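Open the model in your viewer and keep the selection panel at hand. The tour goes from a helix pair to a sheet, then to confidence.

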Amino acid sequence: MDISQLLYDLFFDYTLRTVGLGAAILGIVSGMLGSFAVLRKQSLLGDAISHAALPGIVLAFLLTRTREPAVLMLGALIAGWIGTLFMLTITRTTRIKYDSALGLVLSVFFGLGLMLLTFTQKLPDATQAGLDKFLFGQAATLLQRDVITMGLIGAMALGLLVAFWKEFKLLTFDPEYAASLGFPVRVLDVLLTTLLVIAIVIGLQTVGVVLMSAMIVAPAAAARQWTDRLSLMVVLGGLFGALAGVGGTLISSSAERLPTGPVIVLCVSTIVLISMLFATNRGLLWNWIRSQQNRRKLRARAVLADLNTLAMQHPDQEHGHSVSVLRAMSTNPDGVSYALSQLKERGHAREVAHEVWALTDEGLAEASKNLENKRE
Amino acid sequence: MAEKAIEVTDLTIAYKDKPVLWDVDMDVPAGTLMAIVGPNGAGKTTLIKAILGLVKAAAGQVLVYGKSYAEQRHLVGYVPQRGSVDWDFPTSVLDVVMMGRYGALGWLKRPGATERAAALDALDKVGMKPFAERQISQLSGGQQQRVFLARALVQDAQLYFMDEPFQGVDATTERAIVTLLQELRSAGKTVVVVHHDLQTVPEYFDWVTMLNVRRIASGPVSEVFTEENLRQTYGGKVAFLSAAGNGKNGTQYATG
């Protein structure tokens, strides 16, 4: 299938449109709320919550015997929430640390979920078929009705995020100061964590419990690379999430038997990789270029200083010094030629004969100025 | 005595089963600059946090200008230790300072032009106005400290708590803080500062509380900042105690 056909289908094919829309909603909500989770150093909380949701999904099915997504999502929501409360209670009341509590809740809840899932699959009736799709996600099972539910819940969560923007920002940056100002920090904390649980539950059907945490962490981590403003980071996080969601869904639907979750996660990982490497300001490439520029600047300075040292031993300023001497003096002999050409460009040095250099008046002034600064 | 800004009575705080503060009494008259000194683990930060209601007391009472902290919150400004937050948070200097107005703004309202002007004004007072648009991760330690001070200043409080503002700052920042303390005092404000450098206590402050889980002494520097009290506070780890009380002969105090 070629790309233009795929894009055409995205808008006019019912299934693809529904699935694409669902993936976009899940990407936006998880990317935006994930930004706060990442900044609050709660990246792994998302992992625990999504794993903890599995027993909730299966129990909801066992109790109601329907595979109505709204019902299963409610089960996931309750189980995810209980898992979170367990974790907070464990860290608050025992000596077990946060990371261990995360691991405990994740493995206990997920184990319980897998056990229930196996039990359910041995039941005689066929209604349970497809419940295991929640492990890795199956976008194709999304119906328009589900997407509308996702959209409404997601819009509610983002509405609350915008309404309490100022409070959540303060809570994330400096919770103790927020408490000293009189904000009910505990309540805000629970509210923001609940929104995170909602974001995760929205994505479970499409991405699956195993990989959903990537949708919380990755778009936010990528967004952080591009900006130093919280609002822009949150918007970019949503954008990256949506991009990965739609892209992954399209790719997985273009081939048979390709689980949606892993493909979406691969897409978002690509975005993270690109952001790590090429983001302006924080990206590795930019950092490398900047450090190279600094190094060249320093090298030119060093060569200038060396020329000055040589010049001081000769009363005649016109006296040239050979490049090989400068190379011998330099800690990085290979950079000397380039440094000299830079000095020439700035008018600090001139080539009096082939491979023989001397300082100009400006160069002399500059060198003594540098020396002066160094002494201070 | 003048009006009391803070009255702490019989305050006791414990983490798990270990007492952090034991039966502490402390009165701070309005309009004074008070230092809280004591060795590491003496409970200095905990005392401030208890007054601010951030740490739960096992027993005791705290009054701020005669009433509970919850009622008097609008009169109080707080400068936490700058190491208590992640300075890589994606926000600007101006934004952090405006957070000082969030409490007065209340729910749902966004900071606007008034808050912006107040924040710029406060930044000017600590010599950080040129850095208003700077991303906070690009600040030096001293600059971070001055941003936190500015954030407390926009709270426009009567009573300020500062937790180790002099910790690891450059000379410029130290001077800026001292000037600020003096300005606050002449404006009739009360300031309580957790302090580490014993040598500067007599120079910077007029009252001092010496703390080591129990309160050792509390009162005007000239009366209570004595060799005997220092020895009790630091458990004999203070060298050259003869200079205590004036601190102007350049003697170094070694604290443990």
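## Stop one: a helix pair

In this predicted model, H12(A) and H13(A) make a right-handed crossing. Select residues 230–253 of chain A for helix H12 and residues 260–278 of chain A for helix H13. Their axes come within 8 Å and cross at roughly 135 degrees. H12(A) is therefore oblique to H13(A).

Now show side chains at the contact. On H12(A), pick Phe240(A), Leu243(A), Ala244(A), Gly245(A), Gly247(A), Gly248(A), Thr249(A), Ile251(A) and Ser252(A). On H13(A), pick Thr260(A), Val263(A), Ile264(A), Cys267(A), Val268(A), Ile271(A) and Ser275(A). Colour by class: nine residues of this contact are nonpolar, seven are polar and none is charged.

## Stop two: the sheet

Move to the open sheet of three strands in chain A, ordered E1-E3-E2 with antiparallel pairing. Select 321–322 for strand E1 and 349–353 for strand E2 of chain A. Both are edge strands with a single partner strand each, so one side of each has no neighbour in the sheet.

To find one of the pairs, select Ala349(A) and its bridge partner in E3(A), Leu359(A).

Next, show helix H14, residues 284–312 of chain A. H14 packs on the sheet and touches E1, E2 and E3 of chain A. Its direction makes about 85 degrees with that of E3(A).

## Last stop: confidence

Colour by pLDDT. Chain A has a mean of 86, with 97% of its residues at 70 or more. Among the elements of chain A, helix H8 (residues 165–173) has the highest mean, 94. Helix H1 (residues 3–12) has the lowest, 72.

Note on methods
Residues are numbered from 1 along each chain as its sequence is written. Chains are lettered from A and ligands numbered from 1 in the order in which they are written. This is a predicted model: local features need pLDDT of at least 70, side-chain atom pairs count only at pLDDT 80 or more; totals for chains, interfaces and linings use all residues. Side-chain values use heavy atoms; hydrogens and water are left out. pLDDT is the predictor's confidence in each residue, from 0 to 100. Helices (H or I, at least four residues) and strands (E, at least two) are DSSP runs, numbered from the N terminus. Two strands pair if DSSP finds at least two bridges between them. Contact means heavy atoms within 4.5 Å. Axes are lines fitted to C-alpha atoms, for helices over the stretch in contact, and angles run from 0 to 180 degrees between N-to-C directions. Angles under 35 degrees count as roughly parallel, over 145 as roughly antiparallel, 65 to 115 as roughly perpendicular and the rest as oblique. A crossing is left-handed if the near helix is turned anticlockwise from the far one by less than a right angle, and right-handed if clockwise. Ala, Val, Leu, Ile, Met, Phe, Trp, Tyr, Cys and Pro count as nonpolar, Asp, Glu, Lys and Arg as charged, and the others, Gly among them, as polar.
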